Amino acid sequence: MSRQRKKTVFVPKCYESAKGAGDTSASIYESMLIHPQYKRLTYRQRSLYDCMKAQLYGKSKPREAEAYRDIPEVRANEAFFFGIDDAIKYGFATAKNHGDLYRDIKKLIELGFIDKLCDGKRGQWRAVYRLSDKWHTDSS
């Protein structure tokens, strides 16, 4: 007879989370923090990247994932959704000002931190992205 293992649940320290157990986290490694490409990002762009990374690791795929069934990365859980509503929630845009957000996303793509897989349409779908490793080999 085999015994079942108990799942260990990571509990963040009180200074790390307001929610405690079950909260979403996204690791940032020192090699990224000191990399020249990362240093080219503004503080706002770094924070946006962190929020996007949390979308991949902590959020379940919404019902709209069915609308993207022809994109293999969505089915393989390599992709994450990030739209205007998400940007407003995290403080990267307002209902009337999206320009800074789009410039920041463009920079994250340009420097190789994310890839855009599909555009979103306000009120219908959110844009689909995936994290990229191009930043550590790209010197543009």
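Setting aside its neighbours within four places in sequence, Ala87 is in contact with Phe82, Phe92, Ala93 and Leu101. Contact here means heavy atoms within 4.5 Å. Ala87 sits in helix H5. Is Ala87 buried or exposed? Ala87 is buried, because its relative accessible area is 0%. The cut-offs are these: buried is under 20% relative accessible area, exposed is over 50%, and partly exposed is in between, using a 1.4 Å probe and protein chains only. Met52 is 35 residues away along the chain, yet the C-alpha to C-alpha distance is 9.4 Å.

A word on the source. This is a predicted model, numbered from 1 along each chain as its sequence is written, and its side-chain values use heavy atoms, with hydrogens and water left out. Local features need pLDDT of at least 70, side-chain atom pairs count only at pLDDT 80 or more, and totals for chains, interfaces and linings use all residues.

So how confident is the predictor? pLDDT is its confidence in each residue, from 0 to 100. The protein chain has a mean pLDDT of 83, and 84% of its residues reach 70 or more. Confidence is highest in helix H2, residues 36-39, at 95. Confidence is lowest in helix H4, residues 72-75, at a mean of 73.

Now the overall layout. The protein chain holds 6 helices and 3 strands. Helices (H or I, at least four residues) and strands (E, at least two) are DSSP runs, numbered from the N terminus. Along the sequence, the pattern is α-α-α-α-β-α-α-β-β. Of the 140 residues in the protein chain, 35% are buried. Take the contacts between residues at least 6 apart in sequence: 60% of them join residues at least 24 apart.

Next, the sheet. In what order do the 3 strands lie? The order is S1-S3-S2, in an open sheet with antiparallel pairing. The edge strands are S1 (79-82) and S2 (114-118), and each pairs on one side only. Neighbouring strands are turned by 40° against each other on average, direction ignored. Two strands pair if DSSP finds at least two bridges between them. S1 and strand S3, residues 127-131, are joined by 4 bridges. S2 and S3 are also joined by 4 bridges, and they run antiparallel.

Some individual partners in S3. Phe82 has Ala127 as its bridge partner. Phe80 has Tyr129. Ala79 stands opposite Arg130.

Look at the side chains of S1. In a regular strand the side chains alternate between the two faces of the sheet. In S1, Ala79 and Phe81 point one way, Phe80 and Phe82 point the other way, and all are buried.

Helix H3, residues 43-58, packs on it, touching S1, S2 and S3, and its direction makes about 120° with that of S1. Helix H6, residues 99-110, lies across S1, S2 and S3, at about 115° to S2. Axes are lines fitted to C-alpha atoms, for helices over the stretch in contact, and angles run from 0 to 180 degrees between N-to-C directions.

H3 and H6 also pack together, at an angle of about 80°, with their axes 10 Å apart. That makes H3 roughly perpendicular to H6, a label for angles of 65 to 115 degrees. Which residues meet there? Arg44, Gln45, Leu48, Tyr49 and Met52 from H3 meet Asp100, Leu101, Asp104, Ile105, Lys107 and Leu108 from H6. By class, this contact has 6 nonpolar, 1 polar and 4 charged residues. Ala, Val, Leu, Ile, Met, Phe, Trp, Tyr, Cys and Pro count as nonpolar, Asp, Glu, Lys and Arg as charged, and the others, Gly among them, as polar.

Two last residues. Tyr90 lies in helix H5, residues 84-90. Tyr90 is partly exposed, because its relative accessible area is 30%. Tyr90 and Leu48 are 42 residues apart in sequence and 8.4 Å apart in space, C-alpha to C-alpha. Lys106 belongs to helix H6. Lys106 counts as exposed, because its relative accessibility is 59%. From Lys106 to Lys116 is 10 residues in sequence and 9.4 Å in space, C-alpha to C-alpha.

Note on methods
Parallel < 35°, antiparallel > 145°, perpendicular 65-115°, else oblique. pLDDT = per-residue confidence, 0-100.
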